[in-house]
Amino acid sequence: MRSIAFTPDGRMLASGDTNTTVLVWDVSSGQLLYTLNHEATVNSVAFRPDGTILAAAGNNGVRMWDMNNQQLLLELKASFSIQRLDVTFSPDGRLLATATGNEVQLWDTVSGNPLGELAGHTDEVSAVGFSPDGRILASASKDGTIQLWGAKP
């Protein structure tokens, strides 16, 4: 297992692993509910704040599933192939941030369109996170720094 995330209501837990799958579990019973195929190692999983969408970041981009029917909604791929190490939704669920190489990429969660890159680290970005109000995006890097960004590109 490489990553885990609870739904906001705490009823489900998603786990990502090196076997190219995302497993979704019922927390109260411990039963496996769904197996979602990512087609590459899954480095990070995150639920949209309303719990309706699950995103998984990995070596081949980001996949997003509708949790109401477990259907693949979007595949987010940059113009270059690079491992994504972390993924997080903005508090309003409109933006998705990914730690991608030495940059942070922002995506529109409805259209799947890239909104821009935030560059400034000199080594791999390993974690991203939004402030509770969604105005600030933080990125942590293996270069030993944390950068703070305005959340709109």
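Modeller: Of the contacts (heavy atoms within 4.5 Å) between residues at least 6 apart in sequence, 34% join residues at least 24 apart. Bear in mind that this is a predicted model, with local features needing pLDDT of at least 70 and side-chain atom pairs counting only at pLDDT 80 or more, while totals for chains, interfaces and linings use all residues. Residues are numbered from 1 along each chain as its sequence is written, and side-chain values use heavy atoms, leaving out hydrogens and water.

The protein chain has 15 strands and 0 helices; both are DSSP runs numbered from the N terminus, E of at least two residues for strands, H or I of at least four for helices. Its radius of gyration is 15 Å, close to the 15 Å from the globule rule for 153 residues, so the chain is as compact as a globular protein of that length. That radius is taken over C-alpha atoms, and the rule is 2.2 Å times the number of residues to the power 0.38. Buried residues account for 48% of the 153, where buried means under 20% relative accessible area, exposed over 50% and partly exposed in between, with a 1.4 Å probe and protein chains only.

Now the charges. Side chains of opposite charge can pair when their charged atoms come close. Counting a side-chain nitrogen of Lys or Arg within 4 Å of a carboxyl oxygen of Asp or Glu, you get 5 salt bridges.

One of them joins Glu39 and Arg63 at 3.1 Å, N to O. Glu39 is in the loop between β4 (32-37) and β5 (42-47) and Arg63 in strand β7 (residues 61-66), so the pair ties together parts 24 residues apart in sequence. Glu39 is exposed at 52% relative accessibility, whereas Arg63 is buried at 7%.

Arg63 also meets Glu75, at 3.2 Å, N to O. Here Glu75 in strand β8 (residues 71-76) is linked to Arg63 in strand β7, 12 residues apart. Through shared partners, Glu39, Arg63 and Glu75 form one network. Glu75 is partly exposed at 40%.

Then there's Arg48 with Asp50, at 2.8 Å, N to O. Arg48 counts as buried at 18%, and Asp50 as partly exposed at 47%.
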